[in-house]
Amino acid sequence: MPITTKLSAGDDGNSKEINEVLARYKEFIDINPGDLANIIRDVEFHAYQRKLRSILCSTIMSSPATYVELATPLEEAWIKLRKNHIKSLPVVDKNHQVVGIVTLEDFLKYAAVNFDKTFGQRLIGLMRHSFSRASVKPSDTHPNAVQQIMQKNIQVISANCNALDLVAIFEGAGHHHLPVTNKHHELVGVITQADFVRAIHGSIK
């Protein structure tokens, strides 16, 4: 049975959030258990969003970022990936601005071109062809530098953005690692899904 009541914000920690939610409702409402549950969920969600907005990307990113340059040989990039136990490397230009990203998947894709050899032989062959920096031509049969296998259309995020901005990126676009840039569009860090999850976990403690 609906109960006519007046809802007001108390002195608890959610008072601000409750006031903001109640502003979207009439002060006097006929409320049943279902409506009350919806209001409580609305308050909790609003409070959760406020927490995420207070967490800047600059505070949860890994910095300094491990990166490579356009002309970095593939062998050197591969060693960096394996040595640092990471799955991707931002690629920067001479101004230290992000122009791409190279991942383990990129190496696997290009190593699989020659099916007459085992995967190990193909990967070793790919590394050997990358030894020389002398000629970097996109038309080469065997790529020898990062710029030839990197992904160019990538998502980056500003260090001043907040964790709420990351939700749609990690949830909808399938990203696992996100380069972070400063106001000059220079690389300053990387945020992974693991960094994001840790931030969320810390915000609800």
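Predicted model: local features only at pLDDT ≥ 70, side-chain atom pairs only at ≥ 80, totals over all residues.
Just after α4, H85 takes a positive phi of about 55°.

## The sheet β3-β4-β5

The strands β3, β4 and β5 form, in that order, an open sheet with mixed pairing. At its edges are β3 (68–69) and β5 (98–103), each of which pairs on one side only. In general, the strands of a sheet pair through backbone hydrogen bonds, either parallel or antiparallel. Both senses are found here: β3 and β4 run parallel and are joined by 2 bridges, whereas β4 (residues 88–92) and β5 run antiparallel and are joined by 5 bridges. The strands β4 and β5 form a hairpin with 5 residues between them, and H96 in the turn has a positive phi of about 65°.

Strand β4 is mostly covered, since 5 of its 5 residues are buried. In a regular strand the side chains alternate between the two faces of the sheet. Accordingly, S88, P90 and V92 point one way from β4, while L89 and V91 point the other way.

## The sheet β6-β7-β8

A further open sheet consists of 3 strands in the order β6-β7-β8, again with mixed pairing. Its edge strands are β6 (157–158) and β8 (187–192), and each pairs on one side only. Strand β6 pairs with β7 (residues 177–181) in the parallel sense over 2 bridges. In this pairing, the bridge partner of S158 is T181 in β7.

## Two nonpolar cores

The largest nonpolar core has 16 residues, and I157, L166 and I191 have the most contacts inside it. The elements that give two or more residues to this core are α3 (57–60), α7 (163–172), β7 and α8 (193–203). The largest share, 4 residues, comes from α7. With residues up to four places away in sequence left out, I157 touches C57, D165, L166, I169, L178, P179, V180 and T181.

A second, separate core has 13 residues, among them A77, W78, L81 and V102.

How many disulfides does the model contain? The count is 0. In general terms, a disulfide is a covalent bond between the sulfur atoms of two cysteines. The cysteine sulfur nearest to that of C57 belongs to C161 and is 5.6 Å away, whereas the cut-off for a disulfide is 2.5 Å. C57 is therefore in no disulfide, and C161 likewise is in none.

Is each of these cysteines buried or exposed? C57 counts as buried because its relative accessibility is 0%. C161 has a relative accessible area of 24%, so it is partly exposed.

Note on methods:
Residues numbered from 1 in each chain as written. Heavy atoms only, no water. Buried < 20%, exposed > 50% of the residue type's maximum accessible area, 1.4 Å probe, protein only. Pairing = 2+ DSSP bridges. Core = buried A, V, L, I, M, F, W, Y, C linked by side-chain atoms within 4.5 Å. Contact = heavy atoms within 4.5 Å.
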